[in-house]
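Welcome! Please take a moment to look over the sequence and the 3D structure, and then follow the short tour below.

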Amino acid sequence: MTRTPTTSTGHRARPGSRREDIAAAAIELFLDRGVAATRMEDILAAAGVSVGSFYHHFRNKLSLAATVYLEHLQRFQRDLLVELDRHARTEDAVRGLVLAYLRWAGADPRAMRYLALCREPNVAEISEGEEARLKQSFYGRLAGWLDERAATGELRALPHEHSCALWLGPAEQLVRAAIDPSGYSATPDPDTLGAHLAHAERVLADAAWEALRRPALGDDADQAP
């Protein structure tokens, strides 16, 4: 039976710690070569740690890959929910979450690329249970918030999956195109990714609010809930 690694909510490795060194080195190698093609000795050499130090923190290479994925996913979701809770006004919260998404990706493109691209079958199998739990909790929070704001008449009463697609889908697509281009967009240099995403902040935030807000009487927008 496959064991699911848990995220370290109560303990975060301090910068420069052995655990953090291993995780940082592994992400670089996984992004460059893939998890399957990365050897344990490559991780040890890149991190500058011993075999004993590695096994003190992680069970094996796949456990490392899955655990780092889950920790980044949890941090990303937590930061977006913190942004959501910062705003009392519905419009500010809708716009703020779009900005938070883009700025998170611009500030840590390596982590965002790992979340988007490192989904090899063996890693996905190990992490799927905890990943499902994290996503259920995250989208459950968003759904509850959307229901509350729809009940006040501020937002359209759409199915949750429609609202989330309109809200964060464009930002997700822009980020994915920037970190994994498919021929219709250029790949920004890591140093300019933040500026590239910042250029789209206003248009995507405006679009999210226009898509989700409940049109006022007399608006030309679709009046359907």
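Predicted model: local features only at pLDDT ≥ 70, side-chain atom pairs only at ≥ 80, totals over all residues.

## A glutamate inside a helix

Is E131 buried or exposed? With a relative accessible area of 9%, E131 is buried, because buried means under 20%. Setting aside neighbours within four places in sequence, E131 is in contact with Y69, L70, L73 and R119.

## The overall picture

Stepping back, you will find 10 helices and zero strands in the protein. Read along the sequence, the pattern is therefore α-α-α-α-α-α-α-α-α-α.

The protein has 225 residues, and 47% of them count as buried. Among contacts with a separation of 6 or more, 71% are between residues 24 or more positions apart. The accessible surface comes to about 11,900 Å², and carbon and sulfur atoms account for 51% of that surface.

## The nonpolar core

Which residues have the most contacts inside the largest nonpolar core? They are F30, L64, Y114, L142 and W167, in a core of 66 residues. Helix 4, residues 61-86, gives the largest share of this core, with 11 residues.

Not counting residues up to four places away in sequence, L142 touches L81, L84, L97, C164, W167 and L168. One of these partners, W167, is also on the list of residues with the most contacts in the core.

## Charged partners

Side chains of opposite charge can pair when their charged atoms come close. How many salt bridges does a search of the whole structure find? The search finds 19.

One of them joins R19 and E71, with the closest N and O atoms 2.7 Å apart. R19 belongs to helix 1 (residues 18-33) and E71 to helix 4, so this pair ties together parts that are 52 residues apart in sequence. Both R19 and E71 are buried.

Another salt bridge links R133 with E130, and here the closest N and O atoms are 2.7 Å apart. These two residues are three apart in helix 7, which means that about one helical turn separates R133 and E130. R133 is partly exposed, with a relative accessible area of 42%, whereas E130 counts as buried at 10%.

The side chains of R33 and D32 also meet in a salt bridge, at 4.0 Å from N to O. R33 counts as partly exposed at 42% relative accessibility, while D32 is exposed, with a relative accessible area of 62%. Elsewhere, salt bridges link R89, E91, D92, R95, R202 and D206 in a network.

## The largest pocket

Rolling a probe the size of a water molecule over the atoms shows where empty space is left. The largest pocket has a volume of about 460 Å³. Its lining is made of 21 residues, and F76, Y101, K135, Y139 and E172 lie nearest the centre of the pocket.

Which helix supplies the largest share of the lining of the largest pocket? Helix 8 does, with seven residues. Helix 4, helix 6 (109-117), helix 7 and helix 8 (160-179) each supply at least two residues of this lining.

Terms used. Residues numbered from 1 in each chain as written. Heavy atoms only, no water. Core = buried A, V, L, I, M, F, W, Y, C linked by side-chain atoms within 4.5 Å. Buried < 20%, exposed > 50% of the residue type's maximum accessible area, 1.4 Å probe, protein only. Helix = DSSP H or I, 4+ residues; strand = E, 2+ residues; numbered from the N terminus. Contact = heavy atoms within 4.5 Å. Areas by Shrake-Rupley, 256 points an atom, 1.4 Å probe, with all protein chains shown as cover. 1 Å grid on protein atoms, 1.4 Å probe; cavity = no way out; pocket = protein on both sides within 12 Å on 5 of 7 lines; lining within 4 Å. Points joined across faces, edges and corners; volume = space filled by probe spheres on them.
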